[in-house]
Structure formats: structure tokens, C-alpha cells
Amino acid sequence: MMTITAAEVKKLRDQTGAGMMECKAALTEANGDFDEANTILRKRGLASAAKKAGRTTSEGVIGSRLSADRSTGILVEVNCESDFVARTDDFQQTVQDIISEIEKAGDAASQAWLTDPNGPVQKRLALTIGKLGENMAAPRFVRYAGKGYVGQYIHMGGKIGVQVEFGGITPEVASTPELATLVKEVAMQIAASSPAYLSRAAVPADVLDKEKAIYRAQMESSGKPANVIDKIVEGKLGSFYAQTVLTDQPSIRDPKMSVADVIAAASKGLGTAITVLRFARLRVGEGAQ
């Protein structure tokens, strides 16, 4: 039997909110596999599904830029060690310079390009590291171009950045205040509610199977008939969709409406079928170890 360390138990407890003994037992049963231990705790009703894993203390900002015609948008995360440095003009200028490099690279900009030690982004970071004396990184970026109308929302002074690409936006609609309101509302929804998927169809089959298995395991000792358990599982899946799927989420402006309802109402008012093509939500420090 493998030895489970106190540090591993604490890590699982931070992720799930379950007790220390329950975490140790789950890790032992899962042979140290954190994902499996998390699933075991959820099946036992001991873990909070909404608890976020991987808490971080990284500082920095999410930089953003939109083209004038809203056909292109860029978000980039740039990290440093302290909030003091993140607020300096030198750091802020570095962020804008990195966005310019992404803009210049266009379709050639990739994750490998971003992190290439000999590439323009890493060289630009090295200059600021040398000047300000803090370690820095640009771990990820999002660039949308040429497929639709791009909107952005920056929250908490640059700690969260959202980018959304819409389809069905005609030239007549593009400059209307009604569209601006919809774009802001959807982007703020993503910032506040952090959906994982755009639509139900986008949820991977293995994720759904795992959720159903967890719900059934929770009902095993209930003594309820199989058909009743099936209905309960479907009801729980509806709640899962409302938490994780953008179009199923209750609107933060009017919880009686779903996001899909909000988009449909705006489409009707503007006379065009508006859709969300894709979205991204970056929060400073999410990817830090």
C-alpha cells in the first residue's frame, strides 16, 4: 500500500472541502490519484462539486485589445510576483507590447510560439524582468479573428478577462446600443458564472457519464425504484447543465430567464439570429503551479 503524505491530504482537502480523514481514506483507496479521490468523495457526498481546484496566489493582469471593427480580439495573461509590480507603467507597457507581438504574428501565434525562449514574447519579458527584478511569465493567450463579431469584458481591474465571438451580426446591427448591451451582458455572465461549455452538445460524453455515475452512486442506498432514480438523475443533470453550460445558465440580470432566452429576445428585437460561436475566460493565476 502506498504512503499518503500530509501535504497530499491537505491538497485534496483544499480542492474539495472534505475532512482530513475522509481525504486520506479517499486518496488511499484511489492509490494517490487525485481525480479518482475527488470522484470517490463526491460519490459519498463529502466533496463540494463547485469547489475550485488549484488555488493560486499569482499576480499580474489579463491584457486585452479589440480591432475597431470588432472582427479581431486578443486576451493575454501576463504574470508577475507582486501586485505592486503589476500596477507599474513598465509592466503595463510590457503587456501591451506582448499583445502587439501577437497581433503582428496573426495566425502564426501559437502556444509554442508564445513560450519559445528565442521568440519575441519571451525576449520582451526578459527585458522587463531585468529592469523590475521580478520573475514574469505569459502562459497563455486567446486570439479570435475573422469569424464573427468579438466582444470583451475586463473585470476586477484586469484580474479576469472575457472574450466572446458572436455570429449573425449584420452591419446594420453592429453599431446599435441594443447589441452593445447584449454583448456586455453575455460577457459579464461568463465572468461571473464561469461556464465550462457553450452548449449541451459541447459537453463531452465521458463527462456526462461520470456525472450520471456519481448521481446514481449517491442514490444507491435510497431504496427508490429504478425509474424514480432515473428521473432524479435527469433532474440533477439539468442542474449540472444550469451550472456549467452558458446557454442553460440563469441570466445574472434576470434569473427567471436563461442566457439562451436573453439571446433569443435580443435577436427578435434586432431582427437577426444572433448566436455565440465561442468564448474564453481567463483569470490571473489559474494556470500557475
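**Salt bridges, strands and cores**

Arginine 216 and aspartate 230 form a salt bridge in which the closest N and O atoms are 2.9 Å apart, a salt bridge being a side-chain nitrogen of Lys or Arg within 4 Å of a carboxyl oxygen of Asp or Glu. This pair links distant parts of the chain, with arginine 216 in helix α10 (residues 205-219) and aspartate 230 in helix α11 (residues 226-244), 14 residues apart. Helices (H or I, at least four residues) and strands (E, at least two) are DSSP runs, numbered from the N terminus. Arginine 216 counts as partly exposed at 39% relative accessibility, and aspartate 230 is partly exposed with a relative accessible area of 34%; buried means under 20% relative accessible area, exposed over 50%, and partly exposed in between (1.4 Å probe, protein chains only).

The model is predicted, so local features need pLDDT of at least 70 and side-chain atom pairs count only at pLDDT 80 or more, whereas totals for chains, interfaces and linings use all residues. Residues are numbered from 1 along each chain as its sequence is written, and side-chain values use heavy atoms, with hydrogens and water left out.

A search of the whole structure finds 15 salt bridges. In one of them, the side chains of lysine 159 and aspartate 83 meet at 3.4 Å, N to O, and this pair links distant parts of the chain, since lysine 159 lies in the loop between β4 and β5 and aspartate 83 in helix α4 (residues 83-86), 76 residues apart. Aspartate 83 counts as partly exposed, at 30% relative accessibility. Another salt bridge joins arginine 140 to glutamate 286, with the closest N and O atoms 2.9 Å apart; here arginine 140 is in strand β3 and glutamate 286 in the segment after β6, 146 residues apart.

Which strands make up the open sheet of three? The order is β1-β2-β3, with antiparallel pairing, where two strands pair if DSSP finds at least two bridges between them. β1 (59-66) and β3 (137-145) stand at the edges, each with a single partner strand, so one side of each is left without a neighbour in the sheet. Between β1 and strand β2 (residues 72-80) there are eight bridges, and glycine 63 stands opposite valine 76 in β2.

Turning to β5 (residues 160-167), eight of its eight residues are buried, so this strand is largely enclosed by the rest of the structure. Ile160, Val162, Val164 and Phe166 point one way from β5, while Gly161, Gln163, Glu165 and Gly167 point the other way. Strand β4 (residues 149-155) pairs with β5 in the antiparallel sense over seven bridges, tyrosine 153 standing opposite valine 162. Eight bridges also join β5 to strand β6 (residues 275-283), again in antiparallel fashion, with arginine 283 in β6 as the bridge partner of isoleucine 160.

The largest nonpolar core has 25 residues, of which Val164, Phe166 and Val186 touch the most other members; such a core is a set of buried Ala, Val, Leu, Ile, Met, Phe, Trp, Tyr and Cys residues joined through side-chain atoms within 4.5 Å. The elements that give two or more residues to this core are β4, β5, α9 (177-193), α12 (259-270) and β6, and α9 gives the most, with seven residues. Apart from this core lies another, of 20 residues, among them Val76, Cys80, Ile98 and Ala138.
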